[in-house]
Amino acid sequence: MAKKEDSVMSFIEQLKKELKDDSIGVTTLSDPANDIVRDPTGILMLDWVCGGGLPLGRWIEIFGKESGGKSLIATLICANAQKRGKLVAWIDMERTADSKWFKRLGIDVDSLLMVKPDSAEGAFKAIEKLVDSGKVSYIVVDSVASMATEGELEEDPGKQNMAVMARMLSTELRKLTGKLDKTKTTVILINQLRSTMAVTKYMKQETTTGGKAIPFYASVRLAVAKLTDAASYVRNDSGDYLAHTIRMKGIKNKVGSPDKTGQFMLIYDGGPDNRMALIALAIERKYITKSGAMYYIDFNGQQISARGEKALLEKLQENKDLQQFLFEALDIHPIYRDMFDADKRGIISASGLAEIAEMPDAPEN
């Protein structure tokens with residue numbers, strides 16, 4: 001085996017001398033430089049759906065219907081990145097970024113780079129400059145559906161411009177893909193669903209805007225939707241909403257298993273409730289057994305039982321050793337290991353949410 005490795009390495013060195021071009025980058029796949037680096041998002045269930053976090057240096061597409069939680073998820077990802085000292089940029093094509101709402105979701109508005117280009121060409125020029133700087137970790141484009149090319153802006157309203165945006169996206173994404181990988185900059189493209197012309201009596205066809213370029217170049221495509229049943233919302237006595245539940249599905253994943261589905265509850269003044277996601281994952285991996293309203297955990301030779309989600313959360317909150325057992329068994333990233341520290345997270349009525357809201361289903365493979 002060592003002889004084979006030596007011959008491969010000598011062949012690589014020979015190629016490098018002949019090519020005399022470092023940009024070609026001939027290596028073996030085992031080279032650490034080729035490893036896919038995954039970054040935790042701050043949303044535990046999203047990390048699970050993506051296979052351990054978002055891959056750095058890639059195109060990510062988040063799409064869904066209106067008011068489904070696309071921009072919200074992107075905002076939470078940016079807030080988590082900022083907390084870890086990363087620089088984030090927001091390309092606001094929709095002109096909807098609101099400092100008060102961003103602050104509520106944990107964004108440091110003083111360090112968020114805000115770009116408001118007039119055209120699609122301007123947006124991609126800004127993305128290229130930000131990527132070339134090598135200092136920006138995340139760039140969010142909100143949204144692809146709001147982009148208009150300079151040609152469209154100058155033409156008369158109503159004039160047909162077939163596939164102008166699709167052709168431009170194909171060129172720009174192809175041009176920037178290599179740069180993203182070199183600088184490890186992740187670009188999140190927020191997109192919307194549109195009805196196609198192929199609408200029949202029995203089925204309505206839907207697709208994302210911008211043609212096939214984004215589905216092709218995106219390493220991860222995430223479909224999101226806000227659940228609308230009564231159990232998916234939390235309200236106080238005055239009728240004000242405190243939280244709601246969002247479902248996610250990995251439609252495409254080139255760096256992990258696709259078609260994973262999960263959901264999380266967003267608490268408006270506390271972020272995602274990762275505690276309930278932890279329980280859902282533990283149930284899926286058989287570390288917690290559920291039978292009706294009862295939950296059972298085999299721990300240190302004894303069986304711990306709890307009736308209802310609220311009682312289970314309280315037992316986990318009190319037992320640090322039990323928390324550590326689940327964290328290690330499920331290989332939970334260190335950034336999530338303070339999820340039971342209610343004071344640090346500042347969750348509104350955290351201990352009471354589980355008895356009001358339905359527990360998220362265990363993820364499906």
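Mentor: Asp-118 has a relative accessible area of 66% and is therefore exposed, as the cut-off for that class is over 50%. In this predicted model, the side chain of Asp-118 meets that of Arg-95 in a salt bridge, at 3.5 Å from N to O. The two partners belong to distant parts of the chain, 23 residues apart: Arg-95 sits in the loop between β4 (87-92) and α4 (99-104), and Asp-118 in the loop between β5 (113-115) and α5 (120-133). Arg-95 has a relative accessibility of 39%, so this residue counts as partly exposed.

The general principle is brief. Side chains of opposite charge can pair when their charged atoms come close. The structure holds 10 salt bridges, and the pair of Arg-95 and Asp-118 is one of them.

A further pair joins two helices. Glu-128 forms a salt bridge with Lys-175, and their closest N and O atoms are 3.8 Å apart. Because Glu-128 lies in helix α5 and Lys-175 in helix α7 (residues 164-183), this pair ties together parts that are 47 residues apart in sequence. Glu-128 is partly exposed, with a relative accessible area of 22%. That value may be set against the cut-off for burial, which is under 20%. Lys-175, at 42% relative accessibility, likewise counts as partly exposed.

Another salt bridge brings together the side chains of Asp-181 and Lys-184, with a distance of 3.2 Å from N to O. Asp-181 has a relative accessible area of 38% and is partly exposed. Lys-184 is placed in the partly exposed class by its relative accessibility of 29%.

Asp-331, although not a glycine, has a positive phi of about 55°. This residue lies in the loop between α11 (320-329) and α12 (342-345), and with a relative accessible area of 67% Asp-331 is exposed. Ser-67, also a residue other than glycine, has a positive phi near 55°. Ser-67 is placed in the loop between β3 (59-64) and α3 (70-83), and its 55% relative accessibility makes it exposed. Finally, the peptide bond from Asp-142 to Ser-143 is cis, with omega near 0°, and Ser-143 is found in the loop between β6 (136-142) and α6 (150-154).

Terms used
Residues numbered from 1 in each chain as written. Predicted model: local features only at pLDDT ≥ 70, side-chain atom pairs only at ≥ 80, totals over all residues. Heavy atoms only, no water. Helix = DSSP H or I, 4+ residues; strand = E, 2+ residues; numbered from the N terminus. Buried < 20%, exposed > 50% of the residue type's maximum accessible area, 1.4 Å probe, protein only. Salt bridge = Lys/Arg side-chain N within 4 Å of Asp/Glu carboxyl O.
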